[in-house]
Amino acid sequence: MSNNLSLERYFNELSKTYVANEYASFFITNYMRRNLIKKIKSFEDKSILDLMSGKGENLKYINLTKNKKITTLDFSKEMNLAARLYHKDKEIQQIENDFFEINHKKELYDIIICSFGIKTIEPEKLNSFAKKINYILKPNGEVLLLELVKPKNYLNFKLIKFYLNVLVPAIFGKQFKTLFPYVNNHVNMDNLKLNMTIEKLKIIDHNRFLDLFEIIHAKKIHLH
Ligand SMILES: C[S@@+](CC[C@H](N)C(=O)[O-])C[C@H]1O[C@@H](n2cnc3c(N)ncnc32)[C@H](O)[C@@H]1O
């Protein structure tokens, strides 16, 4: 159990209807995950961590034929259970704990992927997040982060606000009401990028898509 019990409970509850996110986004979230993962040239013989992994939404895009082992980390018991059911064919090592509360081993992973887990991290924890990522990445390891952000354009913002605040909860249930406040508070990933740079992670690219998603791709440079 994590110190952040309310968030953990929220995700346990949300796991029952989490798939509705895909329909509500017209599968754009899936498209974004696929594009994120394409940034990695090869997964062959790499140790991979899918961080804040939910139901394992990223796993279907990772070619595990030459690399059967993947680690997922999520504090939600229900999400982890669903991930095991959906990915019976894969050899997954699951860590069920709060990312911020684990004593991680140093330089364990070649690749860390985190999709849609950043927006619920409190701003004061972003520095610790960057530190931990750097600590558990192997030299030359890569990290991919994908998250929803607040649209910059006024009309886009109004549209998303109406869609997430009114339409999505009306169609898919009131549990989705919590999504808009998170998106509204998550202006961009600049602060996280700054913290990653302080940790000496090299930013390969940082882009915004559809005025609603941002991706950061960074690398741990091997220092001699
Ligand atoms: C919005 S879901 C994203 C799931 C999946 N990665 C995706 O692409 O849809 C966020 C997940 O992060 C998990 N999570 C949030 N904060 C966490 C933390 N501090 N430690 C571990 N898991 C966390 C939640 O339980 C939830 O399953």
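In the predicted model, the protein chain is built from eight helices and seven strands. Its radius of gyration is 17 Å, close to the 17 Å that the globule rule gives for 224 residues, so the chain is as compact as a globular protein of that length. Taken along the principal axes, the box filled by the C-alpha atoms of the protein chain has dimensions of roughly 50 × 35 × 35 Å.

The packing of two of the helices was examined in detail. Two packed helices are described by the angle between their axes and the distance between the axes. Helix α5 spans residues 126–136 and helix α8 spans residues 190–198. The two pack at an angle of about 45°, and their axes lie 9 Å apart. Because angles of 65 to 115 degrees count as roughly perpendicular and those under 35 degrees as roughly parallel, α5 and α8 are oblique to each other. The crossing of these two helices, α5 and α8, is right-handed. On the α5 side, the contact is formed by Leu 126, Asn 127 and Ala 130, which meet Asn 191, Leu 192, Asn 195 and Met 196 in α8. Sorted by class, this contact of α5 with α8 comprises four nonpolar and three polar residues, with no charged residues.

The ligand is surrounded by 20 residues. The closest of these are Phe 11, Met 52, Gly 54, Ser 76 and Ser 115. In terms of class, the shell around the ligand consists of nine nonpolar, seven polar and four charged residues.

How values were computed. Residues are numbered from 1 along each chain as its sequence is written. This is a predicted model: local features need pLDDT of at least 70, side-chain atom pairs count only at pLDDT 80 or more; totals for chains, interfaces and linings use all residues. A residue is near a molecule or strand if its C-beta atom, placed from the backbone, lies within 6 Å of it. Ala, Val, Leu, Ile, Met, Phe, Trp, Tyr, Cys and Pro count as nonpolar, Asp, Glu, Lys and Arg as charged, and the others, Gly among them, as polar. Axes are lines fitted to C-alpha atoms, for helices over the stretch in contact, and angles run from 0 to 180 degrees between N-to-C directions. Helices (H or I, at least four residues) and strands (E, at least two) are DSSP runs, numbered from the N terminus. Angles under 35 degrees count as roughly parallel, over 145 as roughly antiparallel, 65 to 115 as roughly perpendicular and the rest as oblique. A crossing is left-handed if the near helix is turned anticlockwise from the far one by less than a right angle, and right-handed if clockwise. Two residues are in contact if their C-beta atoms, placed from the backbone, lie within 7 Å. The radius of gyration is taken over C-alpha atoms; the globule rule is 2.2 Å times the number of residues to the power 0.38.
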